[in-house]
Every structure is written in structure tokens, then in C-alpha cells.
Amino acid sequence: MLFIGALFVSCLVTLFLARYAWVRREAPTAKAVAAMMTGVSWWTLCYALELLHYSVPGLVLEPDGLPLFWFRLMFIGVVLLPASFLVFVLLYTGVKERISARLITWLAVEPVLVVLVALTDGTFHDWFLAGFASDSDQPFRGGPAFWLHALYSYLITLAAYVLLIRFIIQSRSYRKQAALLLFGGMVSSLANILTILRALPEPLQGLDISPFGFLVTAVLMLLNIRKQGFLDVMPIARSLVFDHMADGVLVADDRGRLVDRNPAARQFFESGGRRLARGEMVGDLVPGLLRGRQFSPDLEANGRILSVQRNLFRTGTGKLRGIVYVFRDVTDLKRTEADLREKLERIEELRNALKEESIRDPLTGLYNRRWLDEVLEREIPRALREQRPLTFCIMDLDHFKRVNDDWGHDVGDRILVALAKLLQDGSRKQDVAARFGGEEFVLVLPGLDPQGALDVVGRLRSEFSDMDFSPGGPVRLTFSAGLACVPDHASDRETLFRMADRALYQAKDQGRDRVVIAAMADGDDAGAGESA
């Protein structure tokens, strides 16, 4: 009776675990755990009822004409265990991300057939029980169907153990959790093997201790739930992450020797007979990864541009344990960046060209009045701040209307272009030449006082008057100019314009073909100097 009582306790424990897993059925393996524990609980309950029926006749009833009724029903739980354990391991190790209905159907075929054979034994055949009776002194030996089922079950269980062992070898974070599961499964398998081979000690001969083996598994699962976060934090399988990553991954040891690589890395670097062989130096296997002793954040391989991320793994004492290199194909991104950069450069060129067109005179190529205003707004405050002179010159072609009337506008345009070229060629780099409008031109001469500017503009006037525009134009043409200076004559743009313009008109009144410096005070009639 003590043995039977222990069976009922085992039934309650496994039933509790089944319910616990079912409540958390959103976890990847919870349903499989619930199925396993339900199977163990059913197995234990039916076996206890069968022993109780045999020990205390009349306490537990059986249908007439169906001896060993509870023993037969026990196999519903028995056949459920191997298939559900395999499904659990497939999900847990990540070999299968999800279990398809087709796989469940195939795994259900054998259990359904076994249950049908067990329930019909003695009526149509003796394939399963082989004539076993509860009141017989002979131990249960089982028929061919029973032993085929046993072989099938252990082949499935063995496959599950192989997957768990492989996972333990490959995993680091979940190694302890998986080892506990493997140990619990092997204890239950050992208990079942000792039972069916009748290798138990004499006091236990004829009893099935398999449920207690599964009780050990249930207890270890409870420990996993409490201590290892089992069902709450499931391992992310290597096959789902490492092997299926689009990024290439190389794992090196503390000496830089290749330990592992994923298929994406092999696709990146293996070509023309070159292979990523374990044990070789990663720096030798991946050209460009290390430049001297320096790590390269990007490289080219097999026509691809790869960005590289390096992660160093150290022990608690700071000792290097290994290195993980992650390679991402950024070829398309780099091409897009290059195309975008090229488009931005073209846009910038167009913007500069448009800006240049907006500040240039289309005929002469000199700056226009718009740009001149910007230059003066910048240069006048600078001259005042730095206490250095800035001379402003306005020049006007003499009798230019007569040129257009007598020789035409084409000749007039040719003369304007010639004067513009003379101003450009004869000016310093820091000087600004502009066409003010019509036949008027200006020069901004930073750093020159009125006398220095008088020499420069006087030289330009002389060179221009020596130009011969015949045939088809005048032999000789001249210009008049007026000069005004910051800070001598003005300290703002409007006054500077007015003073230079007044000096220009003074040059015209004095007979043209001359350069006149503005008077020192607004309203004076005499120029400070002139060049003719």
C-alpha cells in the first residue's frame, strides 16, 4: 500500500506541473511540457488503480469482460511520453522553430495504433499482453506489439537525447538548464529500462518504477522553473540565430584563431578555393580585417563592401576570452550614399552656378550691383574696424552714347567687354570690379588710400585710352572716374556712393578723361586731387 500511496503522490505532483505549464502555454515549449506531465500523471494514476484493484478487490471496479482494464488504459499515457518529449526537445533546442500539424500527425500514428492494440488484446489477438493475467504469478513479458512500441519509443527518446547533448555542447547561457533536463530524462529512461528488463532488486520485482523516474524529471523541471527561469526565459537556438543571420559572424579565441563561423561569413569570404578553416588566424583568412595591429571597421570581399563590428569578451578578471567579428553587407547602402553624395555635389554646383549667374553681369562677366552692395556692406565695417582705408571708384565711358549711335550696339558691347577685361586683369586679387549699369563701372580697392587708388585708376585710364577699336569702331575712347575713401570721405555705403558720384561729375565738368578724388567734406567744390 505504501507503493500505491507513493504513486498517487507522484500523480498529483506531475498533474500540478502539467497545469502550471498549461497556464503558461504562450511559452514555446509549455504545451509539450503539459502533454508530457499529463501523460506521466495518467500513467501513474492508472497503474495505481490497477494495483489497488488487485490488492483490495472490489474497491476499484473494472468493466466485465475486459481484464486489466486500468493496465490497458495506462498505455494512453505511456505512448504520449516519447512523442511529446521529442516535440519538447525540438522546440527547446531550436531545431524546429514551430511544430507543424503534419509532424504531430505522423507522431500520433504509432501511439494510436498501440492503444488500439492494447484495448483489443485478448479479444482479437494476443499481440500486446501475450496472455498476461493479473492473478498470474508470471511477470508481464509483453507480446511483439509491446516490444515494437518499446523499440520505437527508445529510438525517439535517443534522438531527443542527442539533440539535447548537442545543444549543451554548443550553448553557454543555458548549459546548466539543459543538463538538468537531460539528467532527469535519463533517470526516467533508466527506471523504465530496469523495469521492463526485470533488473530490479527482489523486493521491487514485478513492479513498475518508471513513474518514479518521471517524478524525478518533474522535480528537476520544477527546479528549472524556480531557479533557471525555465518556461519564462527560453534559449534562443543557435540554428535560428547564428546559422540564419544575414550578417556574417566569425568567432576567434584569445589568440585570434578561428573557432566558429556562420554560413553568411562563408558566403562572404570563401571563394576560389579559399576556405575559413578552424584554427587559422582570422587576420590571415580575412584580408583587410587587420591593418598592421589596427582593426579595420570596413573592408571589401568578393565584390561586397562590408562594415565590421568587433566585440571583445573578457573574463571577470579582465583577461581576453574571445573575439566576435560581425560583418554586414553595406554594398547597396554605400552605393546609395555615393549616388546621393554625387547628386548633392551636382546640386551644390548648380546652386553655385545659379548664385554666380545672379551676381554676374551677363555681358562683361563682372560682378553686378547686387553683389557690389553685399561687398560694401561687408568691407566698409571691416575697414572701420581695422582702421585701414578702402577706396571706392566710379568710372563712366566718355561720349559712349555717340558710339552706339554711330557704330551700333555690337561695337558698344565690344568696348564694354574690353574695359571689363582691363579692370579684371589690372586689379589686385582682393579688389572687386563690377558693372554698375550701362557704361558705368566701379572698383572697390581695400587697403588703398585715395592717392594710391589715384595711381591705380590713372594707369587703367591711360591703358584704356591707348586701345584702338578700329576698324568698325572709334580709334580712341576714354573714361572719367571719381574716387571716394573710407574713412576720409564716408563711413557708410550711401555716403560713399554719393561722394564718388560727385567726384565723377566733377571729372566730367573738368573736360573728361581724368580721375578726380572727392572733396574732404560734403559740399566742397574743389577735388582733393586729380589725374588727367
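pLDDT is the predictor's confidence in each residue, from 0 to 100. The structure is a predicted model: local features need pLDDT of at least 70, side-chain atom pairs count only at pLDDT 80 or more, and totals for chains, interfaces and linings use all residues. Residues are numbered from 1 along each chain as its sequence is written, and side-chain values use heavy atoms, with hydrogens and water left out.

**Exercise 1. Confidence**

Task: State the mean pLDDT of the chain, then find where pLDDT stays under 50.

Solution. Start with the average. The mean pLDDT is 84. A value of 70 or more is reached by 89% of the residues. Over residues 521–528, pLDDT stays under 50. The model has 14 contacts (heavy atoms within 4.5 Å) for this stretch beyond four places in sequence. Where pLDDT is low, the predicted coordinates should not be read in detail.

**Exercise 2. The whole chain**

Task: Describe the chain by its secondary structure, burial and contacts.

Solution. Count elements first. There are 16 helices and 13 strands. These are DSSP runs numbered from the N terminus: helices are H or I with at least four residues, strands are E with at least two. Then take burial. The chain has 532 residues, and 47% of them count as buried. Buried means under 20% relative accessible area, exposed over 50%, and partly exposed in between (1.4 Å probe, protein chains only). Finish with contacts. Among those with a separation of 6 or more, 60% join residues 24 or more positions apart.

**Exercise 3. Strand 5 and its partner**

Task: Sort the residues of strand 5 by face, then describe how strand 5 pairs with strand 6.

Solution. Strand 5 covers residues 298–301. In a regular strand the side chains alternate between the two faces of the sheet. Leu-299 and Ala-301 form the covered face. Asp-298 and Glu-300 form the uncovered one. Now the partner. Strand 6 spans residues 304–314 and pairs with strand 5 in the antiparallel sense, over four bridges. Pairing requires that DSSP finds at least two bridges between two strands. Asp-298 stands opposite Ser-307 in strand 6. Last, the turn. The hairpin has two residues between the strands, and Asn-302 takes a positive phi near 50° there.

**Exercise 4. Asn-262**

Task: Where is the place of Asn-262, and is Asn-262 buried or exposed?

Solution. Asn-262 sits in the loop between strand 2 (258–261) and helix 9 (263–269). Its relative accessible area is 0%, so Asn-262 is buried. A polar atom of its side chain lies 3.0 Å from the backbone nitrogen of Ala-265. Leaving out residues up to four places away in sequence, Asn-262 touches Phe-242, Met-245, Asp-247, Gly-248 and Val-249.

**Exercise 5. Salt bridges around Arg-493**

Task: Trace the network of salt bridges that links Asp-373, Glu-377, Arg-493 and Glu-494.

Solution. A salt bridge puts a side-chain nitrogen of Lys or Arg within 4 Å of a carboxyl oxygen of Asp or Glu. The structure holds 22 of them. Take Asp-373 and Arg-493: their closest N and O atoms are 3.3 Å apart. Asp-373 is partly exposed at 22%. Next, Arg-493 meets Glu-377 at 3.1 Å, N to O. Glu-377 lies in helix 12 and Arg-493 in helix 16, so this pair ties together parts 116 residues apart in sequence. Glu-377 is partly exposed at 48%. Finally, Arg-493 and Glu-494 meet at 3.4 Å, N to O. Glu-494 is also partly exposed, at 48%.

Notes
A polar contact is a pair of N or O atoms within 3.5 Å; within protein, one must be able to donate a hydrogen and the other to accept it, and residues adjacent in sequence count only if both atoms are side-chain atoms.
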